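I opened a notebook on this structure to look up its pockets and one of its helices. My entries follow in the order I made them.

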Amino acid sequence: KTGHMAIVFYDLMGRDGRNFSPYCWRTRLSLAHKGLDFDHRGTAFTEIKEVGGENFRTVPIIEDDGHMIGDSFAIAEYLEDKYPDRPSLFGGDMGLALCKFVHSWTNSVVHPGVANLVLLDIYNHVCDQDRDYIRASREKIFGMPLEDVQAGREDRVESFRASLHPLRLTVRGQEFLGGERSNYADYIVFGALQWARTISDFRLLTDDDPVFAWFKRVGDLFDGMGREAPGYY
């Protein structure tokens, strides 16, 4: 569209330019899915309040045509409504409704499972200026030192893998959660596993797991956007 400025995408930035936020990965893949150009702005946790003048406490945030939108799901809905002539993220209202279920399942089951296994690794990859904030805020949430949260993960990873069984059964029989092509449901779950890949060499999935095969398929999309990002495997 003539005269349309590239969308500005504020993404969480870690050390060595690593972008590890699961929510930001949802937005990055959504922008690519829609074929939209964006100006990527890496942002530290402690810089977020400077982006939207106290209106936003988290990233992702996008700025488009003078509008600022936060929250990954709200951004996906905005992109779907604003750019209906481009590939659909949801495939209609029923797809949108199902994505809300995937969103709830991922946030309540997958994210806590990942965090329990790699929390100290996350801390070790945030920007230096964020470290005090992350340690204090996360130790308050978990009620123990970060080191203790992550300890013993070799014995706990099997239960995390078991929690993904509904996903495993699904992607064993179809290429993507969206079916033959990926949709927003794929980006929601991919973000959680990409979060771990970018900051930890601890393998959450085995090489022969259908979930890992699916993860690689999503990582290969859009010229390998997920795969090419700095990570451990």
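I began with the lining of the largest pocket, which divides into 17 nonpolar, five polar and five charged residues. I counted Ala, Val, Leu, Ile, Met, Phe, Trp, Tyr, Cys and Pro as nonpolar, Asp, Glu, Lys and Arg as charged, and the others, Gly among them, as polar. The model is predicted: local features need pLDDT of at least 70 and side-chain atom pairs 80 or more, while totals for chains, interfaces and linings use all residues. Residues are numbered from 1 along each chain as its sequence is written, and side-chain values use heavy atoms, without hydrogens and water.

I noted how a pocket is set: on a 1 Å grid over the protein atoms alone, it is an open set of points where a 1.4 Å probe fits, with protein on both sides within 12 Å along at least five of seven lines, and lining residues have an atom within 4 Å of a point.

The largest pocket has a volume of about 740 Å³, taken as the space filled by probe spheres set on the points, which are joined across faces, edges and corners. Of its 27 lining residues, Y23, F45, T58, Y133 and R138 are the closest to the centre. Helix α4 gives the most to this lining, six residues; helices are DSSP runs of H or I, at least four residues, numbered from the N terminus.

I turned to the second largest pocket, with about 320 Å³ of space. Its lining has 11 nonpolar, four polar and no charged residues. Here too α4 gives the most, with six residues.

Technical notes
Helices (H or I, at least four residues) and strands (E, at least two) are DSSP runs, numbered from the N terminus.
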